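Please read this briefing alongside the sequence and the structure. The points are grouped by topic.

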Protein chains: 2
Amino acid sequence: MPVRSYRQHCPLAHALDLLGERWTLLVLRELLHGPRRYSELLEGLPSIGTNLLAARLRLLVSESLIERVELTPGIDAYSLTANGRALEDALVALARFGARRMGTRRGGSSIQLSSILLALKAARAPDASQDLDEEYQFEIDGAPLHARIRGGVLHVDSGAAAFPVLVLRTDKETFVSLMSGELSPSAAAASPAVDLAGAPATLERCARVLGWSSGAS
Amino acid sequence: MPVRSYRQHCPLAHALDLLGERWTLLVLRELLHGPRRYSELLEGLPSIGTNLLAARLRLLVSESLIERVELTPGIDAYSLTANGRALEDALVALARFGARRMGTRRGGSSIQLSSILLALKAARAPDASQDLDEEYQFEIDGAPLHARIRGGVLHVDSGAAAFPVLVLRTDKETFVSLMSGELSPSAAAASPAVDLAGAPATLERCARVLGWSSGAS
DNA sequence: CAGTATCCTTCCAGATACTG
DNA sequence: CAGTATCTGGAAGGATACTG
């Protein structure tokens, strides 16, 4: 237990005793979509400071929310345990709250791929998408991810889709401005920074399903 | 924006910029179940220190997650705004995580009524309760609260139930040991610290529905 | 690459005194 | 009652130099 505990018999206080320190939840965000090496974590968490990252990893390992794994012989990394994966709902719920008040991008802020994935997971499909069953694939700075809508439920993960109705290749900055509504789907389809396979109308539908602000409520 | 920001364009980082400081989420927990006066908040957050509570309240008001309201003429209090209420899902998700690793009560830890309410909201009804439709009422140190199960969905709130199949009066400590499984429903029914209206079998069912550990998985 | 070690700054806990 | 103001020790955080 951390030295600084709330000392309340409360599930929330207990969770915060564990996770409430600075950076902890962002480290878990980085690991939410697969194992990461120490140096990759440093990249994804600009300005964390090596001592803090090491301290957080030590804590999370000791609480068995994460574990060291051998990625390939000689290369090891950190990976979520089943206990750690149980936090996904909480991270998504917090992200959903944060997304509502985030607005368009602020100058000087960096963009992580893990943030984009989390933002996609935090989206809620509108009621109107109840009867859709299709997949969208994105490639952001070369990294593939996909979203599937089926029965009104959205499922997002990294990796390629099996039968996407749309493939959109672009960079992080452009994708973020698309999500925020700053860049409309039609403008994106025409943009030289975007490589789109699929009809522009499909991209419009995708934007509505994922709640990209230009179309939705 | 706080001085210490993560400066990432990420919905989670954004939420934590706002809520990540110590005490902030616990203040919101206290307000989740109704308006509270400054002195009531101090009671519910032992050891917070008047300056920190004032600082957190100032921040939350300025971000319009809470607002001052006049409870009765001359008496004012703090209350969640609609924006603040949007955090309930996140608090419940974190509490659900915390509950899994909380175990039985630690010596020296205090118990707040708001924590009990949150813990009840974090419960998930088992599949077996799909066909139940009933209400349970609790009175903990005199404060009424209730849980309703219907269609497999659990709804918990403060206040009295309309047609409870069970009324259980006790103190916070006993109720907590009941929730943790330390005290079995049958032992509780016989305990002098508990005043139960309703069949012991009903209390057993209630304990299963609310996931009190002795019966459930 | 994967961390420790170090130094310095900022924040927090706890106490207490004061104001309208 | 509902705060604000001030103080002090200690813990956490930030930056960077260093090591196996």
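In this predicted model, three helices each supply at least two residues of the surface near DNA strand D: helix 4 (50–62) of chain A, and helix 3 (38–44) and helix 4 (50–62) of chain B. Chain A and chain B also touch one another, with 57 residues from each chain taking part in the contact.

**The surface near DNA strand D**

- There are 18 residues around DNA strand D, and those that come nearest are A:Asn51, A:Arg56, B:Arg37, B:Ser39 and B:Ala54.
- Sorted by class, this surface holds seven charged, six polar and five nonpolar residues.
- Sugar or phosphate accounts for 72% of the atoms of DNA strand D within 4 Å of the protein, and bases account for the rest.

**Polar contacts with DNA strand D**

- A base oxygen of DNA strand D lies 3.3 Å from a polar side-chain atom of A:Thr50.
- From chain B, the side chain of B:Arg68 places an N or O atom 2.9 Å from a phosphate oxygen of DNA strand D.

**Area of the interface between chain B and chain A**

- The size of an interface is often given as the accessible area lost when the parts come together.
- Between chain B and chain A, about 4,900 Å² is buried, and carbon and sulfur atoms give 67% of that area.
- Of the area that chain B buries against chain A, 17% is supplied by B:Tyr6, B:His9 and B:Phe97, which is more than any other three residues supply.

**Pairs across the interface**

- Two salt bridges are found across the interface of chain B and chain A.
- One of the salt bridges found by the rule joins the side chains of A:Arg101 and B:Glu63, at 3.3 Å from N to O.

**The side of chain B that touches chain A**

- Four helices of chain B each supply at least two residues of this side: helix 1 (11–19), helix 2 (24–31), helix 6 (88–100) and helix 7 (113–121).
- Helix 6 of chain B gives the largest share, with 10 residues.
- By class, the residues on this side of chain B are 30 nonpolar, 16 polar and 11 charged.

How values were computed:
Residues numbered from 1 in each chain as written. Chains lettered and ligands numbered in written order. Predicted model: local features only at pLDDT ≥ 70, side-chain atom pairs only at ≥ 80, totals over all residues. Heavy atoms only, no water. Near = heavy atom within 4 Å. Polar contact = N/O pair within 3.5 Å; in protein donor to acceptor, adjacent residues only side chain to side chain. Nonpolar A, V, L, I, M, F, W, Y, C, P; charged D, E, K, R; others polar. Contact = heavy atoms within 4.5 Å. Buried area = accessible area lost by both parts, 1.4 Å probe. Salt bridge = Lys/Arg side-chain N within 4 Å of Asp/Glu carboxyl O.
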